[in-house]
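Please read the following report alongside the sequence and the coordinates.

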Amino acid sequence: MENMGKLKLLKGKNSEELCKIVLPPLFTFVVNSLVYWGAPLIVGTGRSHNLSGGLDELVPFMPAFIIIYFACYIFWVVNYLMVAFYEDENKYRFYTADFYARLICLAFFVFFPTTNTRPELTGNGIFIRAMRFLYTVDKPVNLFPSIHCMASWFCCIGLRKCKEIPEWYKLMSVLIAISVFISTLATRQHVLWDVAGGIGVAELTWFISNRTNGWKTYQRLNEKISVGISRRLGR
């Protein structure tokens, strides 16, 4: 990309610098996994709330959107790593906000568990088969707020203060995030309240992170762990 000369590249970095880049997104992945898979174990088979409403029917069931639903994982990896390359305050405020957001999601998943009504799948087309696979491996739990939508919106938030990132890419990220929102509705994985909740949690924790100093603790821990790993590697 043009105007990205200041973006640090992996090539030529020592182990400590590499750790500083890799650890935040890796930590995010671990926390997300613990939240998403751990919450149902805590909740068990108790009562869940269905937030589906008439407005959700405005978006028709469109199995083809499963392509976007799955492809967004690439979007997350690219943008989260893009933020991680910058060794600055924005990076740590971003990852701190994301950490706060995962904790909020955990609280909702445990104390306000939600579910939704999925359509009956008929036919044997490629997209229908993909939907069957999705519905099999991903039960209708942990819906509000939508982590899919939250993470996609964080991909936009993280680039706001990155001056080296061109405006066209920032705009493209917003458009991709919106397409992800639609995909969660079109595949009946989420409802409108879940989408709004995901965006709201991302903006709320970003607001908090920008007005508190929790990011400094995150930065110190990241640097300390990076130094420790680097010493163990003998470099």
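## Basis and surface patch

Patches are built from residues with over 30% relative accessible area and no salt bridge, with like charges joined within 9 Å and nonpolar side chains (Val, Leu, Ile, Met, Phe, Trp, Tyr) joined within 5 Å. The areas come from the Shrake-Rupley method with a 1.4 Å probe, and for residues only the protein chains shown count as cover. A salt bridge is a side-chain nitrogen of Lys or Arg within 4 Å of a carboxyl oxygen of Asp or Glu. The model is predicted, and local features need pLDDT of at least 70 while side-chain atom pairs count only at pLDDT 80 or more, although totals for chains, interfaces and linings use all residues. Residues are numbered from 1 along each chain as its sequence is written, and side-chain values use heavy atoms, with hydrogens and water left out.

On these terms V22, L26, F29, V30 and L34 make a nonpolar surface patch of about 480 Å². F29 is found in helix α1, residues 15–43, where helices (H or I, at least four residues) and strands (E, at least two) are DSSP runs numbered from the N terminus. F29 counts as exposed because its relative accessibility is 56%, given that buried means under 20% relative accessible area, exposed over 50%, and partly exposed in between (1.4 Å probe, protein chains only).

## Pockets

Pockets and cavities are both found on a 1 Å grid over the protein atoms alone: a cavity is a set of points where a 1.4 Å probe fits but cannot get out, a pocket is an open set with protein on both sides within 12 Å along at least five of seven lines, and lining residues have an atom within 4 Å of a point. Grid points are joined across faces, edges and corners, and a volume is the space filled by probe spheres set on the points.

The largest pocket holds about 740 Å³ of space. It is lined by 28 residues, of which F29, N32, Y73, W76 and I147 are the closest to its centre, and the elements that give two or more residues to this lining are α1, α2, α4 and α5. The lining divides into 18 nonpolar, 8 polar and 2 charged residues, where Ala, Val, Leu, Ile, Met, Phe, Trp, Tyr, Cys and Pro count as nonpolar, Asp, Glu, Lys and Arg as charged, and the others, Gly among them, as polar.

Two or more residues come from each of α1, α3 and α8 (214–232), with α8 giving the most, 5 residues. By class this lining has 8 nonpolar, 3 polar and no charged residues.

## Cavity

The largest share, 4 residues, comes from α3, and the lining has 5 nonpolar, 1 polar and 2 charged residues.

## Salt bridges

The structure holds 6 salt bridges. In one of them, the side chains of R188 and E57 meet at 3.9 Å, N to O; R188 lies in the loop between α6 (167–186) and α7 (192–209) and E57 in the loop between β1 (49–50) and α2 (66–84), so the pair ties together parts that are 131 residues apart in sequence. R188 counts as buried at 14% relative accessibility, whereas E57 counts as exposed at 58%.

Within helix α3, E89 and R93 are 4 residues apart and so separated by about one helical turn, and their side chains meet in a salt bridge at 2.6 Å, N to O. E89 is partly exposed at 39%, while R93 is buried at 10%. In helix α6, K170 and E167 are 3 residues apart, about one turn, and are joined by a salt bridge at 3.5 Å, N to O; K170 is buried at 14% and E167 exposed at 58%.

## Backbone features

The peptide bond from F144 to P145 is cis, with omega near -5°, and P145 lies in the loop between α4 (126–137) and α5 (147–157). N142 has its place in the loop between α4 and α5, with phi near 55°, a positive value in a residue other than glycine, and N142 counts as buried at 7% relative accessibility. R188, already described as part of a salt bridge with E57, likewise has a positive phi, near 60°.
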